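Below is a short report on selected strands, helices and side-chain contacts. The coordinates come first.

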Amino acid sequence: MKLSRQFTVFGSAIFCVVIFSLYLMLDRGHFDHPKNLRREGAIQQAQLSLLQEKIDHLERLLAENNEIISNIRDSVINLSESVKDDQKNPQNNNNVSQGSISDLAPSVLIPFLKEPEDCAFASESGNQNSGVQMLNVYSLLPFDNPDGGVWKQGFDITYENNEWDNEPLQVFVVPHSHNDPGWLKTFNDYFRDQTQHILNNMVVKLNEDRRRKFLWSEISYFSKWWDGIDSQKKDAVKSLIANGQLEIVTGGWVMPDEASAHYFALIDQLIEGHQWLERNLGVKPRAGWAVDPFGHSPTMTYLLKRAGFSNMLIQRVHYAIKKYFAATKSLEFYWRQNWDLGSSTDVFCHMMPFYSYDIPHTCGPDPKICCQFDFKRLPGGRISCPWRVPPEAIHQGNVNYRARMLLDQYRKKSKLFRTKVLLAPLGDDFRYSESSEWDQQYQNYQRIFDYLNSQPELHVKIEFGTLSDYFDALHKVDTQQKKSTQSLFPVLSGDFFTYADRDDHYWSGYFTSRPFYKRMDRIMESHLRTAEILYSFARIQAQKYKKTSSFPSSTYYQLLTEARRNLGLFQHHDAITGTAKDWVVVDYGTRLFHSLMSLKTIIRDSAHILILKDKDAYRFNPSKPFLQMESEQQSQDSLPQKTVIKLSTQPRYLVIYNPFDQERHSVVSIYVSSSKVKVLTDSGKPVLIQISAVWEGPNTISNEAYQISFVAHLLPLSMKIYQLLESENSETDMAVYTIYNTEANSGTIFKIKEMKFNTDDITIENSHIKLDFGGSGLMKRMFNKEDGKIHEVKVEFIWYGTRNGRDKSGAYLFLPDGEAKPYISADPPFIRVTHGRIYSEVTCLFPNLKHNVRLYNVQGIEGQSVEIANILDIRGEYNREIAMRISSDLNSQKRFYTDLNGYQIQPRLTMSKLPLQANIYPMSTMAYIQDDGFRLTLLSAQSLGVGSLKNGQIEVIMDRRLMQDDYRGLGQGVQDNKITANLFRILLEKRNGIDMNEEKKSVSFPSLLSHLTSSFLNHPVITMTINPDINSPHLLNGFSPLVSSMPCDIHLVNLRTIQSKEDSGPSDEAALILHRKGFDCRFSNRSELPCSLTQGKLLVHKLFNEFTVQSLIPSSLSLMHSPSDARNISEINMSPMEISTFRIRLR
């Protein structure tokens, strides 16, 4: 206790010093009168402004003072706890005391104080009582597959004829056409050959009879069609929408994949679609429609809820789950987020019960009968029924028999639901492209409807309807029943991965297929976000300094719009999934690549105006850009390459941008032409640099280029300028190399030690971590310096083959031939060990793989995890999939955790009753395992498939090459592999105060350190050089738009300029999208984080440095709706996990 009292006194003393300093600073300020001001009014004005500055300054100092006091209090609390522990464990006395004293040493980073309310969310979540929890359903089901009769994957359905006597069956037949924006054809080819004809015919055919209805979903196609039609047709479409004949469902740019897509891109394509609809049609979609994504994520449900939706429909769910839900009449439910303790996230969801969304599988349980009511398959047409009983055109002579046959199916289907309102979709892929099909379907069904509706003894009311017609009728019934009791429908939490459509055919292959483009997608997202933010700031600066005529605001807004749409297109469930034809993949890749080039142009030209001290000096010259990117990608299927910066005695200037909303210390690596190099900050202070070799092969060093690395301290969203000079430099550290199993080339300036490999003692370390590597050059142990413990963390590579027989792995399916086999190279790998002051690394070269493990010697976030970079080349392989397995000594007990869309964590259980491929799940940004002492997290910069097949293991499938189709419609294998880069980080964290009963909760959260590490990985710094032919160093200034880092748990998702209502250019408004992340506090507090917590409060008017907030108005997520009490606000209050959009005007 004596030590605790000493530190309390010490803390109080610091407090007094700070207060006294504040007093002196303000006191001195009274005498800093402006000089040479003659007129009294001017003096008063100057004094007023000076006083305002002093007040602002005092506010900032007080805020900093509060932070310091909080930190001291935190240290004292920690110290007191240490002393208490010490009294319990006197033998540890010396260690605890020394560690505690060093904790009080000054640091650039803020010791981190977690308020109880910040921690309460994670500890309380998962206590809610969902009626149906998907983890429990998985534990319950046997996952057998008995023959169900006509409904193969179900059961026999029976009913009594009098069941509808008191309440008639109400049937809504909903015609729809599912249009994939690329799959077997490119987007443009599908539009030319099919989609435009569907939409043209729709206008004509719906106008022929007001009873006809139709659904449309994909705005990417609808907008392209709209741009090419005349005003008369546009008016006809608007009237069809107004009278309820045409409904736009979901209204996103595409119907996105829900496994591989990141929430940034899911939101962006939703905004793009909804904004287009608002501008062109004045339409606000009400219901979600997702008939084809291969499994469903609650993240999409949450985003729809935030956009203003209350109803949705899904289709592709594991057949055993569909059967269970059908048997328990749970196919309709309120889908609630795992972490929601109330019901604020509930969305009503309809799950289609049968195999597919096509007509044979939507009228009822017997596809042989339902197919006879797909009138496109009438004899003489191009398609027929596989069950070999064709449809019959409906006429007076057969309508009685045929209508009753169809009604029997409707009645049987309705027995799976809790109300007597029934949905019967009527459509399939690219249906209704021919005028004849509109007539065949609508006329024959109308004859059936007329007959059934004219027979009162049948107790049925049947009509064409839209999805919202169905949901409205359903909720009307629910409301009537609710008066006496609670809602008819259960509440469900969880997700619907991994999907299987039949047998043991699990769709876990597509989680990894075409990984080159999955990585490119994430790079594109980071660049789009950066371009959006910098463009928003640059436009305001251009207006402020009257440079709007020279800054190409409208041109760049067009490029931004195109990039949003190309990224949106790639979220389609046959694009990011890697499940399209080869040439369609090239089309997607080319679109992404061209937009990536455009985004780089916007970034560098926006940065140009922002870093000029004198804005009058701004000149836009596209042929001679002021800034150049330091890495370039040559084509849509190649990896980016660093450019070599030519040095001379004249300084070159680097501009480094931090796209993230937190302060960071990041290692920047660039290539330069000389090893004699000096790096200076903008104030002229030399920076410590590490000079490393640029390796042109396993043992060949370039004499033309050198890599220099240094630590850049960057404020949030800021740009910082560094000088590069060719000069002798005392602040230089030359990397030292040891190479194994080869000889190095001679004539190099680097020290290289050559070893024949016969030892086991490769180690690299930084101030947080020490790593040991085995004889193959792969990591085997991690020593955590914080707790002094050695952990087994072993990296290995493995191959999966595919099974024999007809069914093999393909683009969709993962059907392995048993457990993975070790990756064994005939020759020992070439191993290169690099030791340096800035980073150290171990590089292994195998025939298919370059594997690099790096530790950064930096304080803060980036030094606390291990970076793993793999470059894969499996182009010569035959039916193989390569995976990286990390084995640890953690007792994970078959439990592991994967993220969904970078938004939330879903607990998983590896089940022996399921085949191997069923235990693979999607990972967008992270997966982890844990026991009561530690958590091991694999953080990822691309979406891939992941599993934990044995205790203590995480394995990630990184690429797959498959020679055959898997019979899901694609008609080809996956043989267009590229040289692919995968980037990861491994984070090992100590857990505190864990009750193992909590491990069974349906919810889990990353630590704040994990969140920030993931964000740094996915938002790397952007390095630019100033064109050497343009010499204006005296005009340069750093750019720092934020007063301080955002709160640790609040992330700026985007600052997206909104399109003008008048034209296709920008408006003065932007969408400010924020996400408050849920996190788990129970981790050892080594994480002195560069930010603080505010319990979800954000004073936006005090957030910006160089900009003033004119207005801030809450909105729905996609800007479709404004709250009824929407008004200008200055303070934002967010709940954990909340994503919110605000309309913001800055000047």
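Asparagine 870 stands opposite asparagine 982, which belongs to strand S42. The strand that S42 pairs with here is S33 (residues 866-872), antiparallel, through 7 bridges. Strands count as paired when DSSP finds at least two bridges between them. Strands are DSSP E runs of at least two residues, helices are H or I runs of at least four, and both are numbered from the N terminus.

The model is predicted: local features need pLDDT of at least 70, side-chain atom pairs count only at pLDDT 80 or more, and totals for chains, interfaces and linings use all residues. Residue numbers start from 1 along each chain as its sequence is written, and side-chain values use heavy atoms, with hydrogens and water left out.

**Strand S42**

S42 also pairs with strand S39 (residues 934-940), again antiparallel, over 7 bridges. In that pairing, phenylalanine 934 has lysine 990 of S42 as its bridge partner. How many residues of S42 are buried? The count is 9 of the 11 in residues 980-990, so the strand is largely enclosed by the rest of the structure. Buried means under 20% relative accessible area, exposed means over 50%, and partly exposed lies in between (1.4 Å probe, protein chains only).

**Salt bridges**

The whole structure holds 57 salt bridges. Each is a side-chain nitrogen of Lys or Arg within 4 Å of a carboxyl oxygen of Asp or Glu.

| Lysine 412 | Aspartate 408 | 3.3 Å |

Arginine 985 is buried, at 5% relative accessibility. Glutamate 862 is buried too, at 8%. Elsewhere, salt bridges with shared partners join Asp374, Lys376, Arg377, Arg431 and Glu437 into one network.

Lysine 412 and aspartate 408 both sit in helix H13 (residues 399-414); they are 4 residues apart, so about one helical turn separates them. Aspartate 408 is partly exposed at 21% relative accessibility. Arginine 806 is exposed, with 56% relative accessible area.

**Helices H17 and H18**

The axes of H17 (residues 553-570) and H18 (residues 582-611) come within 9 Å and cross at roughly 145°. Axes are lines fitted to C-alpha atoms, for helices over the stretch in contact; angles run from 0 to 180 degrees between N-to-C directions. The crossing is left-handed, meaning that the near helix is turned anticlockwise from the far one by less than a right angle. The contact residues divide into 11 nonpolar, 4 polar and 3 charged. Nonpolar covers Ala, Val, Leu, Ile, Met, Phe, Trp, Tyr, Cys and Pro; charged covers Asp, Glu, Lys and Arg; the others, Gly among them, are polar.

**Isoleucine 882**

Isoleucine 882 lies in strand S34 (residues 880-888). Is isoleucine 882 buried or exposed? Isoleucine 882 is buried, at 0% relative accessibility. Beyond neighbours within four places in sequence, its contacts include Ile798, Trp799, Tyr823 and Leu872. Contact means heavy atoms within 4.5 Å.
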